[in-house]
Amino acid sequence: MEDNQSLEGKIEALLNVEKQMRLAGDVVGTRKAVMDIVELCFQAKAWKTLNDQIVLLSKRRGQLKQAVTAMVQKAMQYIDETPDLDTRVELIKTLNSVSAGKIYVEIERARLIRKLAKIKEEQGLISEAADLMQEVAVETFGAMAKTEKIAFILEQVRLCLDKQDYVRAQILARKISPRVFDIDPSKGKKKPKEGDAVVEEAPADIPSLLELKRIYYEHMIRYYSHQNDYLEICRSYKAIYDIPAVKEDPSQWIPVLRKICWYLVLSPHDPMQSSLLNATLEDKNLNEIPNFKLLLKQLVTMEVLQWTSLWEMYKIEFENENNLLGGALGDKAAEDLKLRIIEHNILVVSKYYSRITLQRLAELLCLSFEEAEKYLSEMVVSKSLIAKIDRPVRVVCFQTEKDSNDVLNSWAGNLEKLLDLVEKSCHQIHKETMVHKVVLKA
């Protein structure tokens, strides 16, 4: 009881000092008095009194910004010293309410929200944690370090993915430009100009920019996996693969390169997929996984692939992905893999044939008559291919109808080639004749 009275007496005395300093406009004195009150409550382990004093001091008339900032920063150091979870949550909530709406303690509030969200997540309240994190828009904080901003937004994205709110996860992820990860960290920081906002150093627990790059693309892989966007998943793995720390360690880049190969094969045929495929084939590291090099080469080669033999060859590799980075590819991926092989075969047939019967097409694709017609129609609808089916005679025509101008242009082109060949032949005959004459004279 005496301890409580002595604590109240000390606080009362310090409050009087704080009042005098505040009214006199003494920033240093006010800040010291406020911090002394907070420390006094902490030393006495009077957590309820600490919360009450923080609220009281922040609401005093004409309270100085510097005093509030110092008080919040000081009290934040005691969060991890609290005896139990309830006391910790209560202190965080008090500090959060005090710092709400105050620009000069916006960074402290963001850190408090993150701590509270982590507690909620540990309690299994993912939805509440995600909603808490979304209250703060750190991208507007000029004084917050870039890495801390990115780390905060990535936490927001992760929690949205955890609660399966994919729309909001995408909106939040767009706040981070992938180009920010390409900035060379070795280059010296520019000296701030006069009048610029002072940027705080990021806390020690914030990952480096390259570590954040990996986390960002791992989150994007989770998002695109939900959308079944294989090409974007492949591009995300490619970005992880290009991180220097990954490229230097075979135990890290081999699983990533395997995933790049799988998702390249699973991606629908288009110019970007074709460009990535050729770029990957030129990678020397692909020699370390010859099976996958062969798989990509088969896709580039204009030859019909037999699905059954290809699946027998790669089934074990496909199932082995369960234990590697990114997890299993799943049944849907197996179906899509078969579809991509069929699409590849149809494209190959269209290169070699101008007209073909549906029956022969079905035989080449190892499909039934109805399946061949279905897959061909789907490719025409998606504009991957130009073809027409004459159903009464069951003939597929891969050539487009040419108008009179195109026909005349092709004739002109053929005549030009013919005349060029005649000219080259005449030149060769003339050359041989001259050489023969020289030999005879000798």
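I take a salt bridge to be a side-chain nitrogen of Lys or Arg within 4 Å of a carboxyl oxygen of Asp or Glu.

**Entry 1. Basis of the notes**

This is a predicted model, in which local features need pLDDT of at least 70, side-chain atom pairs count only at pLDDT 80 or more, and totals for chains, interfaces and linings use all residues. I number residues from 1 along each chain as its sequence is written, and side-chain values use heavy atoms, with hydrogens and water left out.

**Entry 2. Salt bridges**

How many salt bridges does a search of the whole structure find? I recorded 19.

I then looked up the pair Glu39 and Lys74, whose side chains meet in a salt bridge at 3.7 Å, N to O. Glu39 belongs to helix H2 (residues 27-43) and Lys74 to helix H4 (residues 65-76), so this pair ties together parts that are 35 residues apart in sequence. Helices here are DSSP runs of H or I with at least four residues, strands are runs of E with at least two, and both are numbered from the N terminus.

Is Lys74 buried or exposed? I use "buried" for under 20% relative accessible area, "exposed" for over 50%, and "partly exposed" for values in between (1.4 Å probe, protein chains only). Lys74 is buried, with a relative accessible area of 16%, while Glu39 is partly exposed, with 31%.

Next I examined Asp162, which forms a salt bridge with Arg158; their closest N and O atoms are 3.1 Å apart. Both residues lie in helix H8, four residues apart, which is about one turn of the helix. Asp162 counts as partly exposed because its relative accessibility is 31%. Arg158, at 17%, counts as buried.

A further bridge joins the side chains of Arg235 and Glu232 at 3.2 Å, N to O. These two stand three residues apart in helix H11 (residues 230-241), so about one helical turn separates them. Arg235 is partly exposed, with a relative accessible area of 38%, and Glu232 counts as partly exposed at 21%.

I looked up the second largest pocket and noted a volume of about 580 Å³. Of the 24 residues that line this pocket, Arg111, Arg114, Lys115, Lys118 and Asp205 are the closest to its centre. On a 1 Å grid over the protein atoms alone, a pocket is an open set of points where a 1.4 Å probe fits, with protein on both sides within 12 Å along at least five of seven lines, and lining residues have an atom within 4 Å of a point. Grid points are joined across faces, edges and corners, and the volume is the space filled by probe spheres set on the points.

Which helix supplies the largest share of the lining? H6 does, with nine residues. Helix H5 (85-99), helix H6 (106-122) and helix H8 (146-162) each contribute at least two residues. By type, I found twelve nonpolar, no polar and twelve charged residues in the lining. In this count Ala, Val, Leu, Ile, Met, Phe, Trp, Tyr, Cys and Pro are nonpolar, Asp, Glu, Lys and Arg are charged, and the others, Gly among them, are polar.

**Entry 3. Backbone angles**

I noted that Gln164 has a positive phi of about 65° although it is not a glycine. Gln164 is found in the loop between H8 and helix H9 (166-173), and is exposed, with a relative accessible area of 59%.

Arg394 likewise is not a glycine and has a positive phi, of about 55°. Its place is the loop between strand S2 (388-390) and strand S3 (395-397). Arg394 counts as partly exposed because its relative accessibility is 45%.

**Entry 4. Distances along and across the chain**

I looked up Glu371 in helix H19 (residues 369-381); this residue counts as partly exposed at 34% relative accessibility. Glu371 and Ile215 are 156 residues apart in sequence and 42 Å apart in space, C-alpha to C-alpha.

I also looked up Leu85 in helix H5, which counts as partly exposed at 36% relative accessibility.
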